[in-house]
Amino acid sequence: MSAVPLKNTDAAHDGVRGITVLGATGSIGDSTMDLLRAAPEKYRVEALTGNANVAGLAKLAKEFNARFVAVADPARLGELRAALAGTDIAYGAGESAVIEAASRPADWVMAAISGAAGLKPALAAVDRGATVALANKECLVCAGDFFMSRAVASGACILPADSEHNALFQALASGNRHELTRVIITASGGPFRTWSAADIEQATLAQALKHPNWSMGQKITIDSASMMNKGLEVIEASYLFALSPDEIDVLVHPQSIVHGMVEFADHSVVAQLGAPDMRIPIAHCLGWPDRIVGRAARLDLAKIGQLTFEAPDFERFPGLRLAYDALRAGNGATTVYNAANEIAVAAFIAQKIRFGAIARLVEDTLNGWIRAGNLAPLSSADDAIAVDHNARKMAATLLPQIAAKAS
Ligand code: NDP
């Protein structure tokens, strides 16, 4: 039994649907609001959440006449109250208010809070059996088994919003799950695709932030340059679709037009293509099981001309190899992989370590964690959050020696 529906159902949407956007002020939130804005007669906004951007959140709440808004930072309650003065929009602040937003009766919830803070709110939506479009990676990377089993238990429907997983979701609909032989997720290869290992080692922050195709936040752009982001996506795919690491391949595809492919038993390969614009996978989730009118540019393959593919290089991009290692180790190792990477990326941004040291810190933390006998199944959100917390502490402890070591 899967919480991700592998076939389209006949049920079409009629009437106005209640929508909640967790992380409404972020990049995914912005793309989601853009789609809602295009068809206001179809949607009623139940709740919106943000963290620090109170002005942006209040503006959206007024524009969409949201019933409830929550800001995660409790210190911003007064600011939110002032920004909503004169409206009848209910509001709250702090983690409990964000969870309340997720718990309110919306038919469809976008889970797009960044980081581990997104886990408990997404679980609140899952536990009431909602349809959840999942953008937040940490729900799966930090607590995948547990998250998906809670979705099965409540009858929640998980719609993959990340572009590669949404592509797999779309391609999977053309066969049956038992006929699948492998999935392939594509990677642009990032700005260092053609660089030597020695040059990657010394890459600067400005160089790491130059993504060739996608416009995204700083952390995910650096993860694309190190291919840690692809590692996180391999882990996500494993939990979402119950795939073993051997059933997931990565293919470097610099044009970012083919987002994912599924190979079936007859060796047919079904791919999903589209412009690199998150509004395409989000529109698919928003419309599902119907299709809605898109807002992203249509694909002009004649103009693009060439689509090319190459195998990933696990030597120059060890972060990708480590994701497979963590997935095979299981029992919280993927949580450790993610936590150590977050510490490493923050240290790289603060210019405390070289680019090449990001993967070394992740590898040393994973090895240290396993050697210490810390691997154990995660059975609650608090378990996952505790592993995340302790792995960050271990990575921070290892950081000075990694920083001191030359490659
Ligand atoms: P952003 O940083 O742009 O937005 C994050 C959102 O979460 C904002 O609304 C932010 O509020 C809110 N937020 C931040 N911290 C907290 C907190 N502690 N508690 C509650 N809310 C918080 O991120 P993205 O939109 O880029 O990404 C969201 C998620 O989707 C991530 O997990 C990312 O990996 C994933 N994703 C993103 C893709 C992309 O193209 N951007 C593609 C695929 C997946 P505020 O604005 O007030 O700070």
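Analyst: Happy to. A polar contact here is a pair of N or O atoms within 3.5 Å; within protein, one must be able to donate a hydrogen and the other to accept it, and residues adjacent in sequence count only if both atoms are side-chain atoms. This is a predicted model, where local features need pLDDT of at least 70, side-chain atom pairs count only at pLDDT 80 or more, and totals for chains, interfaces and linings use all residues. Residues are numbered from 1 along each chain as its sequence is written, and side-chain values use heavy atoms, with hydrogens and water left out.

User: Which polar backbone atom is 3.4 Å from an oxygen atom of the ligand?

Analyst: One of lysine 137. Glutamate 138 has a side-chain N or O atom at 3.4 Å from a ligand oxygen, and for threonine 25 a polar side-chain atom lies 2.7 Å from an oxygen atom of the ligand.

User: And how much of the ligand does the protein cover?

Analyst: The protein covers 80% of the 900 Å² of accessible area that the ligand has on its own (Shrake-Rupley method, 1.4 Å probe).

User: How many residues surround the ligand?

Analyst: There are 23 (a heavy atom within 4 Å), and the closest are Thr25, Ser27, Asn51, Ala52 and Asn53. By class, the shell has 11 nonpolar, nine polar and three charged residues. Ala, Val, Leu, Ile, Met, Phe, Trp, Tyr, Cys and Pro count as nonpolar, Asp, Glu, Lys and Arg as charged, and the others, Gly among them, as polar.

User: Switching to helices: at what angle do helix 14 and helix 15 cross?

Analyst: Roughly 150 degrees, and the axes of helix 14 (residues 318-329) and helix 15 (residues 333-349) come within 7 Å. That makes helix 14 roughly antiparallel to helix 15 (over 145 degrees). Axes are lines fitted to C-alpha atoms, for helices over the stretch in contact, with angles from 0 to 180 degrees between N-to-C directions. Helices (H or I, at least four residues) and strands (E, at least two) are DSSP runs, numbered from the N terminus.

User: Who makes that contact?

Analyst: Helix 14 brings Gly319, Leu322, Ala323, Ala326, Leu327 and Ala329, while helix 15 brings Ala333, Thr334 and Tyr337 (contact means heavy atoms within 4.5 Å). Seven of these residues are nonpolar, two polar and none charged.

User: What about helix 6 and helix 15?

Analyst: The axes of helix 6 (residues 138-154) and helix 15 come within 8 Å and cross at roughly 145 degrees. Glu138, Val141 and Cys142 of helix 6 meet Thr334, Thr335, Asn338 and Glu342 of helix 15.

Note on methods. Angles under 35 degrees count as roughly parallel, over 145 as roughly antiparallel, 65 to 115 as roughly perpendicular and the rest as oblique.
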